[in-house]
Amino acid sequence: MAYYTADERPSYATLTDALQTYTVDYLKKLAVLASDAKNKPTRKADLIQFIVRHVNCEPGRLRQVEDDPLQGFWRQLDPLQQAAVAEVAHGSDGCFNSARFTAKYGQSPNWGEKKPFDYLPTPSLLGLFFHNGVMPDDLRRRFRSIAPKPEPVQLASQDDLPAEWPLEFAEWNAKTRQREIHTRNIPLVKRLTDRAASHDLKAVLRLIDAGKLAVSDKTSQPGAAALRAVDGLLLGGDFYDDRGYGEYEKIGAIKAFAWPMLVQAGGLAALSGKTLELTKTGQKALSDPVEKTIAQLRRRWLKTTLFDELRRIDCIKGQTGKGKRGLTALAGRRAVINQALSDCPPGEWIAVDDLFRQMRATGTDFEITRDPWNLYICEPGYGSLGYEGFHDWRILQARYVLCLLFEYAATLGLLDVAFIPPHGARLDYDNLWGIDDLPFLSRYDGLLFIRINPLGACCLGLAASYQPAAAEAPAAPVLRVLPNLEIAAIGAPLEPADVMLLDSYATKTADAVWKLDQSRLLEALEEGHDVTVLAELLVSLGGQPLPETVERFLQDLAARARSLKALGNARLIECADAALATLIANDSRTKPFCLLAGERHLAVPVESEARFRGALRKLGYSLPK
């Protein structure tokens, strides 16, 4: 009996073609399944004819559906075996995909058994229909009229989530000297992310605009100081707070790491020296609708090669050097996950494990590496992921999906998330070598549920537009805007991002007092800031309309900022006398390319200089370079 990988499986036009590949000993086992007749042939050709006659029925003998022997065999199959037949009969090809089937139905069908001292396995009834994992074409055609078409796999969604999550953990009982499984309830944290993403994006852009965000010039990644700076600005903080964990149990930054990478990949910021600075696109993003910028960041992240999210699974080593050459293309992995998200119903909580099941059952799958032997945990010999069971879908693909969903999609505000701490949240890696000292395989292991929110539905093309929810007004005003242009902080402490915004527009005169200053505001407007953003913040945090003097002051400055417009750079040219300057400025050949500046000077736009020189030569003059 031959064995093949999924890519090497043959195809058989008829059952006879498939049976030709077997030995006589195995054909005898199939003959026992095909008929209970006592006198069975012993020669190979006769055995094949015998099996075909009892399974497939000889051509021309079939008069009625009830005469079809396949009907009798179908009724003898158990429900899981019938499902296997139906999936292949109505599938795109004749191959049985074990991984997809197990993902959809939870287990594999009964294929028979192989006893320890048996040379050949003893097949179940499925052995008559599947040969080397393939169903012959003639059987497929006839099973289509017998087996009902399988129902497509469905995601099980839910409207609400429990407040606590029952987490199983193992504990060694010294008295009984046995490993016991216990359960403890862990609070399930829910985060609604779209409003936080809108706040965090602007806060990070302002931090960069202030020249206070440094990243590595080699890896483009933020260091410890940068992570602390970003974390201090995030609305509600990062997903996890590491206070209370020991040094080796710390989870680390998620959102604080993602934002510097996202703004670089999205073209909003670029490295200048040792710090990031905003690009023209980034300056524009400060005043653009936030959903437009986030949609742009998502599209560019899907294609970026700036960073491989697998690197965030810290314990998987060997991702550089030979290991890097074996890794698959980033865009292909992300596209598959993006497609899986697009198949999720918006506004409903989906269990992450159920999403994994659907991806595998529908073939929405991808590979991480072409050579897992170069990846390892702890030590490249014993800890290599090339060993059987060490590079399963749950180890590599699942952790990659968790990272992409938790660190990037949720940070961008596309997914609401529900999670617990990652410590012990997923114990599906306990067979790996070298994991004894690891509190978790990845910092994303605690992600349990996701929900596509309105912003995510818009960016994924599942909704026509995004209507942001109205920002919740504070329970009590935290700012008081005075008619004398002073702003006083009262009540609850301000968010760090709000403090940074006030510092950008106003001069701080005391610990909790700012003064609107014409010079400072004009400087902010020159840098691309929008006075409307400041006005909205003052109204939101103050809980009442702005005083008339403040509103008029801001409107006047905004109008002044719009009164002048920079059109580009120009070269200033001095003429010998006023008459020559007037001649050149008014001649039909040179007039389109210059302007009279004073009595003896001409202003020539830099982009028009070449054409100006040509026209000047026709006039009989030249301009030295």
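User: Which residue in strand 5 is the bridge partner of A170?
Analyst: This is a predicted model, where local features need pLDDT of at least 70, side-chain atom pairs count only at pLDDT 80 or more, and totals for chains, interfaces and linings use all residues. Residues are numbered from 1 along each chain as its sequence is written, and side-chain values use heavy atoms, without hydrogens or water. Strands (E, at least two residues) and helices (H or I, at least four) are DSSP runs numbered from the N terminus. The strand 5 partner of A170 is I181.

User: How many bridges join strand 4 to strand 5?
Analyst: Two strands pair if DSSP finds at least two bridges between them. Strand 4 covers residues 164-173 and strand 5 covers residues 178-187, running antiparallel. They form a hairpin with four residues between them, and R177 in the turn has a positive phi of about 55 degrees. The number of bridges joining the two strands is ten.

User: Which strands stand at the edges of the open sheet?
Analyst: Five strands make up this sheet, in the order 3-10-13-12-6, with antiparallel pairing. Each edge strand has a single partner strand, so one side of each is left without a neighbour in the sheet. The edge strands are strand 3 (157-158) and strand 6 (189-191).

User: What is the bridge partner of A351 in strand 13?
Analyst: Strand 10 (residues 349-351) pairs with strand 13 (residues 447-452) in the antiparallel sense. Two bridges hold that pairing. In strand 13, A351 is partnered by F449.

User: Is T328 buried or exposed?
Analyst: T328 lies in the loop between helix 13 (322-326) and helix 14 (330-342). Buried means under 20% relative accessible area, exposed over 50%, and partly exposed in between (1.4 Å probe, protein chains only). T328 has 16% relative accessibility, so it counts as buried.

User: Which backbone oxygen does the side chain of T328 reach?
Analyst: Contact means heavy atoms within 4.5 Å. Leaving out residues up to four places away in sequence, T328 touches R333, E367, I368, T369 and R370. At 2.6 Å, the T328 side chain reaches the backbone oxygen of E367.

User: Which ring does the charged end of R312 sit over?
Analyst: A charge sits over a ring if NZ of Lys or CZ of Arg is within 6 Å of the ring centre and within 35 degrees of the ring normal. K255 sits this way over F239, 5.2 Å from the ring centre. For R312 the distance to the ring centre is 3.8 Å, and the ring is that of F257.

User: What do the buried residues of helix 23 pack against?
Analyst: Helix 23 spans residues 609-619, and its buried residues are E609, F612, R613, A615, L616 and L619. G620 follows the helix with a positive phi, near 100 degrees. The packing partners are strand 18 (570-574), helix 22 (578-586) and strand 20 (601-605).

User: How many disulfides does the structure hold?
Analyst: A disulfide is a pair of cysteine sulfur atoms within 2.5 Å. C459 is in none, as the nearest cysteine sulfur, that of C458, is 5.4 Å away. The sulfur of C575 is 8.5 Å from the closest cysteine sulfur, in C594, which is too far for a bond. The disulfide count is zero.

Note on methods
Polar contact = N/O pair within 3.5 Å; in protein donor to acceptor, adjacent residues only side chain to side chain.
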